[in-house]
Amino acid sequence: MKNKNNKKEDISRKDALKKIASYGKYAAITAIGTYMILNPQKAQASSPGAPGVGF
Amino acid sequence: MKETTVLYKVLEDKTISWFQNKNEYAVLENTTAVILKKLNRGIPINKIAKKLSDKLDVPLEKSVDFILELERKFNKEKKSEKLEIATNYKDTKRPKDFEFVKYYKINNIVFKISFLSDKELSFVHPKFAHLIIEKVPDFKNEFEVFINNNYIFLYINNEFIGSWDNSNIHYFQGKFSMELIQKIHQKEENDWLGVFHASAISNGEKSMLFLGDSGNGKSTSLALLQANGFTCLADDFVPVDAKKQEVYSFPAAISIKKSSLETLLSIYPELENSAEYNFRRLNKIVRYLKPNNNDFFAHLPCHDLVFIKFSKNVELTCKKISKIDAFQQLIPDSWLSPKKENAQRFLDWFEGLNCYQLTYSNNEEMIETVTRIFSNDL
């Protein structure tokens with residue numbers, strides 16, 4: 001199962017090819033197992049550019 | 001095996017699911033969402049797996065593995081930890097004397113806000129300086145802001161609201177803003193659908209949100225639009241209510257980056273002499289521009305989300321984008337109510353929105369395009 005989380009994960013071309021080979025056989029199940037998880041902010045926040053820069 | 005409440009919304013060719021235990025959204029393939037639904041209804045894994053195997057022509061054990069993995073991922077993982085609040089400091093002694101005591105008037109509501117020193121003042125005051133009034137005897141709300149033991153504290157009407165360390169100053173500012181809108185609009189936290197990191201304008205009848213990464217030109221576009229017949233509803237912190245899903249006014253000033261000054265000085269000569277704030281750590285110099293809104297009680301429906309980007313020397317393009325793409329960009333930057341009813345309302349509201357990507361370099365063309373989006377004439 002592939003987890004496309006908020007952050008991108010870099011893998012090498014070699015690793016990618018290896019992964020595809022092992023998934024390839026059951027491509028249909030790999031396809032439905034691709035999802036994206038999205039987490040909202042856990043509390044209200046101003047943008048980091050708001051006034052003041054820490055103390 | 002119902003372990004968490006899940007909401008589902010089919011959007012384009014995907015299903016968006018919301019998981020109450022973690023207040024988490026997931027964009028799933030429709031088949032996967034159906035499997036999760038079945039799991040939550042208590043249908044045995046073997047039965048679901050058999051159907052899946054037949055459908056996809058894969059061995060039963062592969063389907064079982066897949067479903068177990070789904071269940072582990074979405075139904076069984078523990079609740080994520082809440083943002084740490086330094087409750088240990090709850091009994092910290094409040095200072096008696098504050099160096100700065102300011103009075104701000106928002107419509108007819110007066111806020112007395114006390115800051116221990118210029119440090120605390122710098123976190124809040126610049127964005128609200130345009131609302132300042134002389135000292136008055138009658139005020140509705142009293143805020144106190146002070147730093148003690150490397151934590152910044154917020155008290156409102158003698159009640160401890162929270163404390164945040166140095167690295168969470170944007171959460172302090174977010175909470176401050178949240179408390180402010182609750183007092184202005186007479187709503188509790190549960191009455192809000194969410195708060196979006198966006199800019200909001202209105203044409204007097206409805207509103208529109210501008211989204212995009214920092215530096216894409218949200219605030220500059222807002223400043224240009226408010227000089228051309230539109231009203232600024234909110235910059236940076238855009239609250240939407242749960243009941244009617246309307247965008248509410250937030251009275252903070254618009255932050256203008258140094259790089260936008262050249263564009264805006266001819267329209268807003270007052271920016272020439274307004275105070276400049278240099279946020280070295282963020283490599284950012286900003287000035288604050290007063291919003292042209294004179295009714296901070298305003299709230300208006302919103303049907304359009306515009307991902308805006310200023311880019312030198314480009315031809316203007318404005319096209320509808322996939323709602324799934326828009327959703328993926330919107331969620332990580334937003335606070336969304338963890339309440340089930342509100343999550344359902346949010347999904348319903350989002351489903352009805354038009355999402356656009358607008359890239360421009362010519363200001364007049366951008367203003368004309370926004371006018372056309374408002375009148376459904378694109």
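1. The buried residues of helix α4 of chain B are Glu120(B), Leu121(B), Phe123(B), Val124(B), His125(B), Pro126(B), Lys127(B) and Phe128(B). This helix spans residues 118-128, and eight of its eleven residues are buried, which leaves it mostly covered. Buried means under 20% relative accessible area, exposed means over 50%, and partly exposed lies in between (1.4 Å probe, protein chains only). Helices (H or I, at least four residues) and strands (E, at least two) are DSSP runs, numbered from the N terminus.

2. The model is predicted: local features need pLDDT of at least 70, side-chain atom pairs count only at pLDDT 80 or more, and totals for chains, interfaces and linings use all residues. Residues are numbered from 1 along each chain as its sequence is written, chains are lettered from A and ligands numbered from 1 in the order in which they are written, and side-chain values use heavy atoms, without hydrogens and water.

3. The largest nonpolar core has 73 residues, and those that touch the most other members are Tyr25(B), Phe172(B), Phe176(B), Phe196(B), Leu209(B), Phe327(B) and Phe346(B). Helix α5 (residues 169-185) of chain B contributes eight residues, the largest share of this core. Apart from it lies another core, of 26 residues, which includes Leu225(B), Ile254(B), Leu271(B) and Met366(B). A nonpolar core is a set of buried Ala, Val, Leu, Ile, Met, Phe, Trp, Tyr and Cys residues joined through side-chain atoms within 4.5 Å.

4. At the boundary between the chains, 61 residues of chain B are in contact (heavy atoms within 4.5 Å) with 30 residues of chain A. The area buried between them is about 4100 Å², and carbon and sulfur atoms give 66% of it. Buried area is the accessible area (1.4 Å probe) that two parts lose on being put together, summed over both. Phe66(B), Tyr171(B) and Trp335(B) supply 12% of the area that chain B buries against chain A, more than any other three residues.

5. Between chain B and chain A there are zero salt bridges. Such a bridge is a side-chain nitrogen of Lys or Arg within 4 Å of a carboxyl oxygen of Asp or Glu.

6. Ala275(B) lies in the loop between α7 (261-265) and β17 (276-279) of chain B. Ala275(B) is partly exposed because its relative accessible area is 44%. Leaving aside neighbours within four places in sequence, Ala275(B) is in contact with Val286(B), Arg287(B) and Tyr288(B). The C-alpha atoms of Ala275(B) and Arg287(B) are separated by 6.1 Å, although these residues are twelve residues apart along the chain.
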